[in-house]
Amino acid sequence: MGRSYSTHRQVLPGGATVLLFTDGLVERRDTSLDESLRRLCAELSRAPHRLDEICDQLVTTMLGTQPAADDVAVLSARAPRRPT
């Protein structure tokens, strides 16, 4: 009650990939958030092209063999390429 939200619109170039994830993917008690985000960016730089494979790879590499201490969700989407 009484909350207001703002919206923002961003035009993405065709083929751009958007990644949404919960904090459980990057927050660890023994690692700084900045370090985890750098690691995530490094993993994304060598991620496969297919969206489902991106999500699978990130969960596998970011969590490793340790069980997640928090819920983990990853969602990827790609902007369609515009006809030329």
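**Exercise 1.** At what angle do helix H1 and helix H2 pack, and how far apart are their axes?

*Solution.* This is a predicted model, in which local features need pLDDT of at least 70, side-chain atom pairs count only at pLDDT 80 or more, and totals for chains, interfaces and linings use all residues. Residues are numbered from 1 along each chain as its sequence is written, and side-chain values use heavy atoms, with hydrogens and water left out.

Begin with the elements: H1 covers residues 33–45 and H2 covers residues 51–63, where helices are DSSP runs (H or I, at least four residues) numbered from the N terminus. Their axes, which are lines fitted to C-alpha atoms over the stretch in contact, with angles running from 0 to 180 degrees between N-to-C directions, lie 10 Å apart at an angle of about 140°. H1 is therefore oblique to H2, since angles under 35 degrees count as roughly parallel, over 145 as roughly antiparallel, 65 to 115 as roughly perpendicular and the rest as oblique.

**Exercise 2.** Identify the residues through which H1 meets H2, and sort them by class.

*Solution.* From H1, take Ser-36, Arg-39, Leu-40, Glu-43 and Leu-44, which meet Ile-54, Gln-57, Leu-58, Thr-61 and Met-62 in H2; contact means heavy atoms within 4.5 Å. Sorting the residues of this contact then gives five nonpolar, three polar and two charged.

**Exercise 3.** Describe the surroundings of Val-74.

*Solution.* First place Val-74 in strand E2, residues 74–78 (strands being E runs of at least two residues). Next, leaving aside neighbours within four places in sequence, list the contacts of Val-74, which are Leu-19, Leu-20, Phe-21, Leu-25, Cys-55 and Val-59. Finally, the C-alpha atoms of Val-74 and Asp-52 are separated by 9.7 Å, although these residues stand 22 residues apart along the chain.

Conventions:
Ala, Val, Leu, Ile, Met, Phe, Trp, Tyr, Cys and Pro count as nonpolar, Asp, Glu, Lys and Arg as charged, and the others, Gly among them, as polar.
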